[in-house]
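Me: I've got a structure here and a few things I'd like to talk through. Could you take a look with me?

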Amino acid sequence: TAAIQLNFDNAENETIELVFENTTNSAIFPRLFIQCNKGAKGTVILNFQGAEKNASFINVSTYVNVGENANLSIHKIQKNGTETFDLQREYVDQAANSTFTMNTFPLSGKLTRNDLKINVNGNNCETFMNGAYTLKGKSHCDNHTTVDHKVAHCYSKELYKGVIDDRATNVFNGKVFVREDAQKINAFQANANILLSDTGTVNSKPELE
C-alpha cells in the first residue's frame, strides 16, 4: 500500500511516468493524488506491467484536481498477467476553463475494471475520454465512465474501441449527467468493437440524464 502525490505547477508541459511492475503474485493498493494547479500543464503515464502468468490483485484509487486554466492528460496502460484482477477508480474535479484527457489501454488480464467519474465544476471546460482494448481467452473488461456537467458552456467527448477474441467479454457503460442550469452542453459518446470469434461478447450501454 502506497500513497503518491504528484503536483504540476509549470505552464510548460511536464511528464511523469509511474511504473507498477508485478513479477510475482502479489496484492497492491496504491492511492494516487494528482494536482494540476492554475495555469499548469502536465502529463501522467500510469504503466501497469505483469508477467504473463501473473495472478496479482491490483486495487487503485486516483484523485485528480485540475485547476483553473490547467491542462492535464493521463495515459493508463494495463498490461497485466492472464490471471490478474485489476480494479481502478479515478475521481476527477475540473475547474473553469480547464482541459482534462484520460486515455485508457486495457491490454490483458483476467478481470479489468475501470471506473472514471468526472465532475465538471467550472464553465468552458473540455473533457476527453478515450479507450483502446484488446481482449482474448476468457478475459473480461469493464469500462464505466460518468461525466457530471454541473455548469454551462462545456464540452465532453468519449471514444472507446476494442478488439475481442475467443471467449473474452467487454462492457462499456458511459453515463452523462446534464444539470438543470447547465445550458449549451455538447456531450458525445461512441463505442466501436470488432469481434474476431463467435463466442466473444460486447455489451454497450450509453446513458444520458
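Predicted model: local features only at pLDDT ≥ 70, side-chain atom pairs only at ≥ 80, totals over all residues.

Me: How many disulfides does the count come to?

Reply: A disulfide needs two cysteine sulfur atoms within 2.5 Å. For C36, the closest cysteine sulfur sits in C125, and at 12 Å that's too far for a bond. By this rule the count is zero.

Me: Does C36 count as buried or exposed?

Reply: The cut-off for buried is under 20% relative accessible area. C36 comes out at 0% relative accessibility, so C36 counts as buried.

Me: What volume does the largest pocket have, and which residues are the closest to its centre?

Reply: The volume of the largest pocket is about 380 Å³. Its lining is made of 20 residues, and the closest to the centre are N80, T82, S108, G109 and K136.

Me: Which elements give two or more residues to that lining?

Reply: By class, the lining has three nonpolar, ten polar and seven charged residues. The elements giving two or more residues to it are β5 (41-50), β9 (99-108) and β11 (126-135).

Me: N22 lies in which strand, and which side chain does N22 join in a polar contact?

Reply: The strand is β2, residues 14-22. N22 counts as buried because its relative accessibility is 6%. Leaving aside neighbours within four places in sequence, N22 is in contact with several residues, including I28, Q49 and N54. As for the polar contact, at 3.3 Å the side chain of N22 is joined to that of S26.

How values were computed: Residues numbered from 1 in each chain as written. Heavy atoms only, no water. Buried < 20%, exposed > 50% of the residue type's maximum accessible area, 1.4 Å probe, protein only. 1 Å grid on protein atoms, 1.4 Å probe; cavity = no way out; pocket = protein on both sides within 12 Å on 5 of 7 lines; lining within 4 Å. Points joined across faces, edges and corners; volume = space filled by probe spheres on them. Helix = DSSP H or I, 4+ residues; strand = E, 2+ residues; numbered from the N terminus. Nonpolar A, V, L, I, M, F, W, Y, C, P; charged D, E, K, R; others polar. Polar contact = N/O pair within 3.5 Å; in protein donor to acceptor, adjacent residues only side chain to side chain. Contact = heavy atoms within 4.5 Å.
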